[in-house]
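Here's a quick tour of a few loop residues. Have the sequence and the 3D view open as you read.

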Amino acid sequence: MRGALVTLRQATTGDVPALAAIRAQPQVYRWWRGGPDLTAAVTEELSVEDEYGFVIEHAGRTVGLVQWSAQDEPDYRHASIDIYLDAASHGRGLGADAVRTLARHLIVEHGHHRITIDPAADNTAAIRCYAKVGFKPVGIMRGYERGPDGTWHDGLLMDLLADELID
C-alpha cells in the first residue's frame, strides 16, 4: 500500500531485527515496552493470528510498524489500529500518513465503517497525529495499561467513522 509519504508492506520475520531496534529506542519503548527480549516480543507479535502487521517504509528504510485487527461480530464490527515509529521519524507526518493509508485500506478493501485506536492518555504527540487523520476522542479508559514503572495508566479511546477520514 502506498501513502503520500510511506509505503506499507506485509511484515515478515526478516523484519524482526529492524523492528526490535526501533522498539528499543527510549521514545518508543516508553509506550510499547515488550520486556527484556524485544526480538522475542516482536517475533511473537508478528505471529498473532488475526493481527496483520505492515512495515512502514520511507525513503527505502524501515521506520516502523502499523498493525490492525478486527472485531467481526456483525453487530459490533470494526477494526483497530496500533502503530510505532522510529524516533528519528517523529514529527514528520509519516505516522499520520501510515495510519491514514491503513485506515483507507480498511474502509475501502475490508468494508469497515469504524476504526479505533487507543494511545496512552498522556501521549499528546500520538493523539495529535491521529486527530490529523480524523480520529476523535471517545473517552478515557481509566487504569487501562501498566506502565514501565509498574503502575496503571489511563488510555484514550479514539475512533474514526469512514466518512470522517481526512485525506
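This is a predicted model: local features need pLDDT of at least 70, side-chain atom pairs count only at pLDDT 80 or more; totals for chains, interfaces and linings use all residues.

Let's start with D149, which sits in the loop linking β6 (136-146) and β7 (152-161). Its relative accessible area is 53%, and the cut-off for exposed is over 50%, so D149 counts as exposed.

What does the D149 side chain touch? A polar contact of 2.8 Å ties it to the side chain of T151.

Next up is D50, in the loop between α3 (38-46) and β2 (51-58). With a relative accessible area of 48%, D50 is partly exposed, because the exposed class needs over 50%.

Which residues make up the negative surface patch that includes D50? The patch is formed by E49, D50, E51 and D72. The backbone at D50 is worth a look too: phi is near 70 degrees, a positive value in a residue other than glycine.

## A59, another positive phi

A59 also has a positive phi without being glycine, with a value near 55 degrees. You'll find A59 in the loop between β2 and β3 (61-71).

Is A59 buried or exposed? Its relative accessibility is 74%, and over 50% means exposed, so A59 goes in the exposed class.

Technical notes: Residues are numbered from 1 along each chain as its sequence is written. Side-chain values use heavy atoms; hydrogens and water are left out. Helices (H or I, at least four residues) and strands (E, at least two) are DSSP runs, numbered from the N terminus. Buried means under 20% relative accessible area, exposed over 50%, partly exposed in between (1.4 Å probe, protein chains only). A polar contact is a pair of N or O atoms within 3.5 Å; within protein, one must be able to donate a hydrogen and the other to accept it, and residues adjacent in sequence count only if both atoms are side-chain atoms. Patches are made of residues with over 30% relative accessible area and no salt bridge: like charges are joined within 9 Å, nonpolar side chains (Val, Leu, Ile, Met, Phe, Trp, Tyr) within 5 Å. Accessible areas come from the Shrake-Rupley method with a 1.4 Å probe; for residues, only the protein chains shown count as cover. A salt bridge is a side-chain nitrogen of Lys or Arg within 4 Å of a carboxyl oxygen of Asp or Glu. Lys and Arg count as positive and Asp and Glu as negative; His and the chain ends are not counted. The place of a charge is taken as NZ of Lys, CZ of Arg, CG of Asp or CD of Glu.
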